[in-house]
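Subject: Structure for you to look at

Hi,

Here is the structure I promised to send over. Please open it alongside this note, and my findings follow below.

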Amino acid sequence: MPTPTKGPRLGGGPAHERIMLANLATSLFEHRRITTTEAKAKRLRPLAERMVTFAKRGDLHARRRVMTVVKDKSVVHFLFTEIAPLVADRPGGYTRITKVGPRKGDNAPMAVIELVLEPFSPKVATVKEAEAATKRASGTKAAQSAPAAEAEAATADTVEAASTGDVEGAVDGAAQAEAAAEDAREQDAPDADAAEADAEVSTEIAEDVIDEPDTKAADDTKA
């Protein structure tokens, strides 16, 4: 017994479903875009892209395979001679589904499925993917590195205070760095180790600033 196709069943039975999808594919290749329900659009997409793949092959066997689905010879001719050359350089993704508002009456979710016929540029696609990855990375970094940023800023304040001999400022900076590191540990942030390292540096600097006046006083006594 054949395995049922995943997804919602269209029509009253398998034969009705095949006829319905064939008619939708014929309309899509004829008009390049159609409006239908989301369920039909999602079921039509793999069939339409398979037909476009056959059209890109362009041989007689591929044409006969397409004609088992699309019965209109003029539409098949248009698919092989007009649509296939436009997507010759595209490795896949020949259709695009765009959701639109619900249908009046039964409130069924509607969608527009269309052929993607824009010239394919691998360079442009790579740039778009890189930009999207950069945006995702920057958003994640901004969300995760807040405690580490606070610890780094506190360490910078500690260093500045130590350079001017401000003991209280150095101690406050070290305390702020330790608090930021603790927040990073509580949030289980990936950069918690960096925050802890900054806190340790701030603490060492503050301790050195505290010990420095005592060392100077001892030297003066010896002198």
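The largest nonpolar core has 33 residues. Phe 29, Leu 44, Met 51, Val 66 and Leu 79 touch the most other members. Bear in mind that this is a predicted model.

The largest share, eight residues, comes from α2. Apart from this core lies another, of ten residues, including Ala 151, Ala 180, Ala 184 and Ala 192. In general, nonpolar side chains of soluble globular proteins tend to be buried together.

Leu 44 is worth a click. Leaving out residues up to four places away in sequence, Leu 44 touches Leu 21, Leu 24, Ala 25, Leu 28, Ile 34 and Ile 113.

Next, the sheet. Three strands form an open sheet in the order β1-β3-β2, with antiparallel pairing. The edge strands are β1 (33-37) and β2 (95-100), and each pairs on one side only. From one strand to the next, the twist averages 25°. Six bridges join β2 to β3 (residues 110-115) in the antiparallel sense. Thr 98 stands opposite Val 112 in β3.

Thr 37 lies in β1. Is Thr 37 buried or exposed? Its relative accessibility is 11%, and buried means under 20%, so Thr 37 counts as buried. Residues up to four places away in sequence aside, Thr 37 touches Arg 103, Ala 108, Pro 109, Met 110 and Ala 111.

Last, helix α7 (residues 167-187). At 1.5 Å a residue, its 21 residues should span 30 Å. The end C-alpha atoms are 30 Å apart, which agrees.

Which residues of α7 are buried? They are Ala 170, Gly 173, Ala 174, Ala 177, Ala 180, Ala 181 and Ala 184. Seen down the axis of α7, the buried residues fall within an arc of 125°, so they line one face of the helix.

The face of α7 turned away from the buried side carries exposed residues Glu 168, Glu 186 and Gln 187. After α7 comes Asp 188, with a positive phi near 55°.

Best wishes

Definitions and conventions. Residues numbered from 1 in each chain as written. Predicted model: local features only at pLDDT ≥ 70, side-chain atom pairs only at ≥ 80, totals over all residues. Heavy atoms only, no water. Pairing = 2+ DSSP bridges. Helix = DSSP H or I, 4+ residues; strand = E, 2+ residues; numbered from the N terminus. Axes fitted to C-alpha atoms, helices over the stretch in contact; angles between N-to-C directions. Expected span 1.5 Å × (residues − 1). Buried < 20%, exposed > 50% of the residue type's maximum accessible area, 1.4 Å probe, protein only. Arc of directions from axis to C-beta. Contact = heavy atoms within 4.5 Å. Core = buried A, V, L, I, M, F, W, Y, C linked by side-chain atoms within 4.5 Å.
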